[in-house]
Amino acid sequence: MISEQLVDLSRLQFAATAMYHFLFVPLTIGMVWLLVIMESVYVMTGKTVWKDMTRFWGKLFGINFALGVTTGITLEFQFGTNWAYYSHYVGDIFGAPLAIEGLMAFFLESTMIGLFFFGWDRLPKTQHLLVTLLMAIGTNLSALWILIANGWMQNPVGAEFSFQTMRMEMTDFWAVVFNPDAQAKFVHTVSAGYVTGAMFVLSISAWYLLKGRNVEFAKRSFRVASAFGLASVLSVIVLGDESGYMVGEAQKTKMAAIEAMWETEPAPAGFNVLAWPNETRQANDWAIEIPWVMGLIGTRSLDKEIPGIKEIKAENRLRIESGIHAVVALEALRKNRQDADALKLFEQHKADLGFGLLLKKYVVDVRQATPEMIQRAVDSTVPRVAPMFWGFRVMVGLGFLMLALFALSFWSTLKPGGMTKRPWLLKWALWMLPAPWIACELGWFVAEYGRQPWTIYGVLPTHLSVSTLSVESLYGSLAGFVGFYTVLLIVEMYLMVKFARQGPGSLGTGRYDNEVHA
Amino acid sequence: MFDYETLKLIWWLLVGVLLVGFAIMDGHDMGVGTLLPFVGRSDIERRVVINTVGPHWDGNQVWFITGGGAIFAAWPLVYATAFSGFYWAMLAVLWALFFRPVGFDYRSKIHNATWRSTWDWGLFIGGAVPPLIFGVAFGNLLQGVPFEFNDYLVSTYTGSFWQLLNPFALLAGVVSSAMITMHGGVYLAHRTEGRIQHRAISGALVAAMVTVVGFLLAGLWLRLGGIEGYVITSVVDGGAMPDPLAKTVVRAADGWWRNYQQQPLLWLLPVMATCSALLTMALLIARRTGLAFILSSLAITGVIGTAGAAMFPFIMPSSTMPNASLTVWDSVSSHLTLGLMLVATLIFMPLIVIYTSWAYRVMRGKVTESHIRANEHSAY
């Protein structure tokens, strides 16, 4: 039996390293396009201030990028170090997008970033712009392949289990690539990155404007960021709705938890704006509900029902009971590949194999599973409701706050001097700086915590996916990662604040406040 | 396209190519990192050294990332078994690599001697530790690794971290470190001048000598020192569905020599390794640094090729459950995935080579102290 402590620590380590990584990634994804925009204006108009903007925001981009790379290395290898059984079980499908990400995207991004920083004097203007553009394309393609891999964990299409190799094998690559879950996630996630980049530039520019420093530089940056941010935040919200549209079982379960929908309601279901979910009673203590809205968002129809938590659990109980036969047949087949009876039984129940494997958490031989164990397995198939419910609402709330901010900021830039006349807007922009990061982290939390108890939804339970390591090793490595990352994060924040405060004077061009002299 | 057996063979070669690519590309900037504290004595000298690889280290590091991804996609059982078995060794590599992106980017952003020298040692660790550990890992693969599979193909590593640090594996680590240091020194000699170039050449010459001696010593040890190889005794069906428990394997004293006896042409690999390293030394003394870089790349290819050819078809033999050893036949992905990944590699690898070459071309020429002074705020 795999120790629960090992599973919990492995999950904690993955969550910690992934969430650290995603502090840096969205800023990279978004800022790289702002650099493309600024440099394009420079190439078209020849005005030096636009080159300085590209270089200064590029400098902050670089400080952030360094930690994005540092924390990203871990993620490419952690599947092997800590999730060995997962890697074996689904590597045939999951490994391919990761490798293609390296070949198609990360090489491009990383090679071009060197030329972006060091090629200013060695490349003609247009070629340098091309370098910046290729860097942006590389960065975004990178996100595409990672989200194809992640989308497959949520909605495992285009693959089939083979008892001979004891793993999932790919049957249709294009189904994996065009997985609707992956595509919706990709657009939603990169748009969230664009919002993060825009908010970063908007907030720091607002601060310069409040201080009356580098005004021409800051006004232009503010204008670009507000327009880009408005378009992006609209895209996040619209495409967030798209990823809410249910395409698979995983989404159904998540949606029920996010909405604290315990019972299946007659269509179209109402939307709980606020509620107090009570896990023990399997009901909400109170709720403020808008009729119809949930049914419309979730099914795009007036007559389709959205299953509630209790209905989902009842379905899963049947699948677990059927899955027991699949596990028993599989174990017979592993002892004797020619066992025709076992093969027949296995083919009948194959689709529920993952559900049968859920019982391995409680008992080695699933035939010995007691009704109490089955009940625990059934209950585990829906994540805890309160964290999902609140995580989602805070994310969406921040999204709408940012929409209001970007809309007002953009409107203020339409009239000359519009932004400098409204210090309240600039202060608001400054204080909203952390908002996109909080929203991004919560978004990942809802997506990944909401997928539990699975690593691959319906296929492979999380507790079977870990490497057979000692609990002591996990304590050691977790402490190492958290310690290392925290020190690096402090160093990064220190540099970021230092250079943001100093502003474009740090370029040493002699054109700005706070010049440095070598 | 290709039948399954051929694809399995092609992927053995491709992983080899990626490994050699990683050693040549990321290897030269790791070698530069290893030499950094010794070749650069003052701040400005160290900045010269760092800026020879400044625009390129990030792209080079992707060879490592992509290598990891390719092994995940093509040899998922190897990815799972090796990285979880070598847990602490792998973490040491990752943690050492953490110093590189931040070391390069943050070091010169603050004018403070302690700050800068801290990052210099960070870059040294990031350059020196990974090649050492990869060498040690290879040394252990040659001896077999204690791991087992159950019926579900869950792998369990039954050894300890410390037993990885046995004498033969440490010798392999020294060869790997020396080879990468040589390569970095040659690159540095090509991109610098004056005192720095002089010190880089001295470092590379010593490292090349250690590489040659260590490589030959390791070969003798394998032949005479009682390190057994592994041999498959059951009939191999290369086109079968991969099942690492379906074969039988035994240890044999000449296990790692049989390929060389059957294919004498393979001897060209160790000969290439030795001669290229010696020629690298001669070319360095003659100050033909560009040609020396090509020769040191060939030396690396020869060393890695020698070990790979000896072990074929084994990738990771198991010392405690030899039948569970991972080979090119039974630890691979499905036919579809191997074919698909081959297509992806054939499309993108040439593009990568083209734009990487372009990047080096744009940044070509010697990095000098006056260049650093002129770009005080933008150079690393």
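Helices (H or I, at least four residues) and strands (E, at least two) are DSSP runs, numbered from the N terminus. This is a predicted model, in which local features need pLDDT of at least 70, side-chain atom pairs count only at pLDDT 80 or more, and totals for chains, interfaces and linings use all residues. Residues are numbered from 1 along each chain as its sequence is written, while chains are lettered from A and ligands numbered from 1 in the order in which they are written.

**Stop 1: Val271(B).** Select helix 10 of chain B, residues 268-285; Val271(B) sits in this helix. Is Val271(B) buried or exposed? Val271(B) counts as exposed because it has 12 C-beta neighbours inside 10 Å. Ala299(B) is 28 residues from Val271(B) in sequence, and their C-alpha atoms are 9.3 Å apart.

**Stop 2: helix 8 of chain B.** Select residues 194-224. This helix has 31 residues and reaches 45 Å from its first C-alpha to its last, close to the 45 Å expected at 1.5 Å a residue. (The expected span is 1.5 Å times one less than the number of residues.) Next, click Gly226(B), which follows helix 8 and has a positive phi, near 80°.

**Stop 3: where the chains touch.** Show both chains. Here 60 residues of chain B are in contact with 61 residues of chain A. (Contact means C-beta atoms, placed from the backbone, within 7 Å.) Select helix 12 of chain B, 335-362. Helix 12 gives the most to the side of chain B that touches chain A, with 12 residues.

How values were computed. Buried ≥ 20, exposed ≤ 12 C-beta atoms within 10 Å, placed from the backbone. Contact = placed C-beta atoms within 7 Å.
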